[in-house]
Amino acid sequence: MPMEKEKIQVHVDRIERDGYTIVENAIEPDLIESIAGELPRVARECNIAAGNNPFEGYKTTRAGNLLAHGKVFEAIPVHPNILPIVEGVLDNGLLVSSLSSISIGPGEAAQPIHSDDILIPLEKPHRAIICNTMWAITDFTDENGATRIVPGTHKLDHSPQYGKTYDSIPAVMKRGSVLVWHGSLWHGGGANRTADQVRVGVAMNYCAGYIRQQENQQLGIPREIVKQFSPRLKELAGYGVYNGLIGSICGKSPASAILGESESQSLLFGRG
Amino acid sequence: MATESVQEHLKRIDLDGYTIVEDAIEPELLEFIANELARIERERNIKPARNNFEGFKTTHVYNLLVYGKAFEAIPVHPKILPIVEGVLGDGLLISTLSSISIGPGEAAQAIHADDILIPLDKPHRAIVCNTMWALTDFTDENGATRIIPGTHKSDRNPEYGKQYDTIPAVMKRGSVLVWNGSLWHGGGANRTTDQVRVGIAMNYCAGYIRQQENQQLGIPREIAARFSPKLKDMVGYGVYRGLIGHIDKHSPANAILGDPETQRNLFDRT
């Protein structure tokens, strides 16, 4: 059941005001279960080990580029309860910036507070050029490492100081809920103070259609996998064109020029 | 190019939105490019695009990096690249590389800014920096690029189709016009009866901006594989600031082409 327009707008307004929103019970239990079931396989196949630096953690495992690692992940970027909210923040030409899992293990320390657009040297505050989401594959609690956020910081004229401690609140949410935030919001993974719980999340990150994707989806996803994506997912991976021009190949979309598909968009300068 | 000279050009771009680098390009390279371009237009039977923005008597050849060595020398030219790096910062990308040949009788192009499709509030720092290489002399009569100095600092884009007071970027063959992507400009009318104004539009964007021409999918992998390391970075096989554009924490050059890593991943720096 797709989300109603009014509900979408409530979330978009909250992101505008506070920098984030939580969409409760957004994802069907079956899909959550399938994702949870597939992640161990991906970790095994990709030989995933815990990080070894303070930003990525020492007891946290991450699997990146998930669209290259199984059908089930293709449902994530286009989810009807989440994508319309992100489109409301970034506009419909948005892209998948990265899709990865983040599993915070017992005893992990808190991640330094940061903003996800910190590497992009545009003057702040600026309109959202990144909009990220965290899917709770397990419950997110204060104890097990729920994402810490500093509300309203997406409107500041600077990024946080690396390693400094800030007053933050935990984005506590149930398995199946999704946190959505403006890429300028200050936040970080929480400490996992439990002895036996792994906090599993899927970080589904989007960027505006004129921004370079953080994970190179275009070279990073094998073409034979992209070919069987839905038309919308192809666009999100970078096989479409922004505003009829940006990302084109000789006046065509990559989907048309590279995959031989019919054009789904009209290009800015029609070729007569 | 001497550092002082680079600084002078940067000051001019900051102040006026553009600069002209006189006699920037070696005559042999110009000739090599002109000959190659003529060959491609002939072999591919290139015809004018036929729309208001691209013109009716103007031919464009896009995605030039797929056509050989002559064009691979353009993005990395030592007289121009340092200026553009000064504008956009390290890690910049090729946004597009194409030729624009304005034929006799062509009307003036609508005044525009090259970052017009990007909805960031203006003015903003340069995210696009474009250059026009003169392969023929650029004159007031034959279609020299028209510019409106200082408009890169404006809080808006020009109105499509409106007339503005402009000046022509008159320059000799071998000179290069460099501008901030927010500067209002447009191709000039060609009022001659027999001169084609040939230019190479070598356009760059910052390393965090999506390339206008999709270089990564648009250039066949076997062609990209023979590019110089710097050129590979600039078509998108590198990584911006150790993170943006990576594949499983490796550069595309490493992950896809099997090249050695030239940069360290952001998080693994100590």
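Which residue stands opposite B:Ile147 in S8(B)? B:His185 does. This is a predicted model, in which local features need pLDDT of at least 70, side-chain atom pairs count only at pLDDT 80 or more, and totals for chains, interfaces and linings use all residues. Residues are numbered from 1 along each chain as its sequence is written, while chains are lettered from A and ligands numbered from 1 in the order in which they are written. Helices (H or I, at least four residues) and strands (E, at least two) are DSSP runs, numbered from the N terminus.

**Sheet in chain B**
- Three strands form an open antiparallel sheet in the order S6-S5-S8; strands pair if DSSP finds at least two bridges between them.
- Strand S6 (167-168) and strand S8 (185-186) of chain B are the edge strands, each pairing on one side only.
- Strand S5 (residues 146-147) of chain B joins S8(B) over two antiparallel bridges.

**Sheet in chain A**
- Six strands make an open antiparallel sheet, ordered S1-S7-S4-S9-S3-S2.
- Strand S1 (20-23) and strand S2 (60-63) of chain A stand at the edges with a single partner strand each, so one side of each has no neighbour in the sheet.
- Neighbouring strands are turned by 20 degrees against each other on average, direction ignored; axes are lines fitted to C-alpha atoms, for helices over the stretch in contact, and angles run from 0 to 180 degrees between N-to-C directions.
- S2(A) pairs with strand S3 (residues 95-104) of chain A over four antiparallel bridges.
- In that strand, A:Ile102 faces A:Arg62 as its opposite residue.

**Helix packing in chain A**
- Helix H1 (residues 5-18) and H3(A) pack at an angle of about 45 degrees, with axes 9 Å apart.
- That angle makes H1(A) oblique to H3(A) (under 35 degrees is roughly parallel, over 145 roughly antiparallel, 65 to 115 roughly perpendicular, the rest oblique).
- The contact uses A:Ile8, A:His11, A:Val12 and A:Ile15 of H1(A), with A:Pro84, A:Ile85, A:Gly88 and A:Val89 of H3(A); contact means C-beta atoms, placed from the backbone, within 7 Å.

**Helix H7 of chain B**
- Helix H7 (residues 229-237) has buried residues B:Lys232, B:Asp233, B:Met234, B:Val235, B:Gly236 and B:Tyr237.
- A residue is buried if 20 or more other C-beta atoms lie within 10 Å of its own, exposed if 12 or fewer, and partly exposed in between, with C-beta atoms placed from the backbone.
- These buried residues pack against strand S3 (93-102), helix H5 (215-218), helix H6 (221-224) and helix H8 (252-255) of chain B.

Key. Contact = placed C-beta atoms within 7 Å.
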